[in-house]
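My notes follow in the order I made them.

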Amino acid sequence: MHTLSIINYKGGVGKTVLAANIAAEIAWSRQKKVLLIDLDPQASLTFSIVPVNIWRTQLEASRTIKTWYDRFLDVGRESSIGQLIHSPLNVHFDNGGEVDLIASHLGLINVDLELATKLAGASFRQIALNYLRVHSRLTHGLNDPEVQGKYDLVIIDCPPNFNIVTKTALVASDAYLVPAKPDYLSTLGIDQLNRHVTQLSDDYNRFCTEFGGDDFRPMDCRMLGIVFTMVKFYSQQPIQDQREHIAAVRRLQFPLLESMIRENNRFYSRRTDGTSPLVIQHTSEAGFLEVRTELEQLASEVEGLLAAL
């Protein structure tokens, strides 16, 4: 089972769209079982495949990722993350492929502040152990028997920041994918994000070596690559201004995916309350096949890069 986090410090770059469509394509076309985890308090991924009324009546009170973090905060014990899994019928397929979801909650934004209180300790050893316990929350959670052995892939939609909840996702991940619009603001933080992940890995693994024993496994999360989204094409090439930003990122020598997702407000800006991801929709509308083909190619490239880890 591979675990992939999708993250960028800049919001509005297509992070949620990519998470939902990569998951749906891999499940539908390759008969795989994929688990989506929505860690963004905005819950956009949750509401993109689950109607709001279903979330309110079936999930909000006790079956979101916030519930799971709250149990750790309240009683300091492990609880089953598998009990939170929701199975939306619109992304379960007759060929055996399926996408399941652990939903987010608007109150998740407060969890980070409470997790920070768990980091204190009376000695450096205690601080180190608390650091490991807090940051390994999701790693231990994904060892749940209802997750391990059932899913081929876990995709985590991270919030656009580097808070403790985000760090728990990266510690649990094999790789992270960075969607970026080819403009100044969207690409500005990529180098800083990479440095933050490297520092997190160094700190976590140092504490693992010195204090972790057999209770914690080292973090090994690498950048899978940067995928450019909302690309404006002219004569089959990104427009000049965007080519310059793409070239600037290329000079940073980070891995760049060959796939690019073009700007198409006609499809990507539609209300998606509980509807199926674009990649598994069928319509004869002009331009739709182009959109779906790009998403299919991206999913294939992501799957191939994960297999090569």
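**Helix contacts**

I began with α1 and α13, where Leu 18, Asn 21, Ile 22, Glu 25, Ile 26 and Arg 30 of α1 meet Leu 295, Glu 296, Leu 298, Ala 299, Ser 300, Val 302 and Glu 303 of α13. Sorted by class, this contact has 7 nonpolar, 2 polar and 4 charged residues. I note here that the model is a predicted one.

Next I looked up the geometry of this pair. Helix α1 covers residues 15–30 and helix α13 covers residues 288–307. Their axes come within 9 Å and cross at roughly 80°. Angles of 65 to 115 degrees count as roughly perpendicular, and α1 and α13 are therefore roughly perpendicular to each other.

I then turned to helix α8 (residues 164–172) and helix α10 (residues 190–212). From α8, Lys 167, Leu 170 and Val 171 meet Val 197, Leu 200 and Tyr 204 of α10. By class I have 5 nonpolar residues, no polar ones and 1 charged in the contact of α8 with α10.

**Salt bridges**

I found 13 salt bridges in the structure. One of them joins Lys 32 to Glu 303, with the closest N and O atoms 3.0 Å apart. Which parts of the chain does this pair link? Lys 32 sits in the loop between α1 and β2 (33–38), while Glu 303 is in helix α13. The two residues are 271 residues apart, and the pair links distant parts of the chain. Glu 303 is also among the α13 residues that meet α1.

**Surface**

Last, I looked up a nonpolar patch on the surface, formed by Tyr 184, Leu 185 and Leu 188. Together they have about 350 Å² of accessible area. I placed Leu 188 in helix α9, residues 184–188.

Notes
Residues are numbered from 1 along each chain as its sequence is written. This is a predicted model: local features need pLDDT of at least 70, side-chain atom pairs count only at pLDDT 80 or more; totals for chains, interfaces and linings use all residues. Side-chain values use heavy atoms; hydrogens and water are left out. Axes are lines fitted to C-alpha atoms, for helices over the stretch in contact, and angles run from 0 to 180 degrees between N-to-C directions. Helices (H or I, at least four residues) and strands (E, at least two) are DSSP runs, numbered from the N terminus. Angles under 35 degrees count as roughly parallel, over 145 as roughly antiparallel, 65 to 115 as roughly perpendicular and the rest as oblique. Contact means heavy atoms within 4.5 Å. Ala, Val, Leu, Ile, Met, Phe, Trp, Tyr, Cys and Pro count as nonpolar, Asp, Glu, Lys and Arg as charged, and the others, Gly among them, as polar. Patches are made of residues with over 30% relative accessible area and no salt bridge: like charges are joined within 9 Å, nonpolar side chains (Val, Leu, Ile, Met, Phe, Trp, Tyr) within 5 Å. Accessible areas come from the Shrake-Rupley method with a 1.4 Å probe; for residues, only the protein chains shown count as cover. A salt bridge is a side-chain nitrogen of Lys or Arg within 4 Å of a carboxyl oxygen of Asp or Glu.
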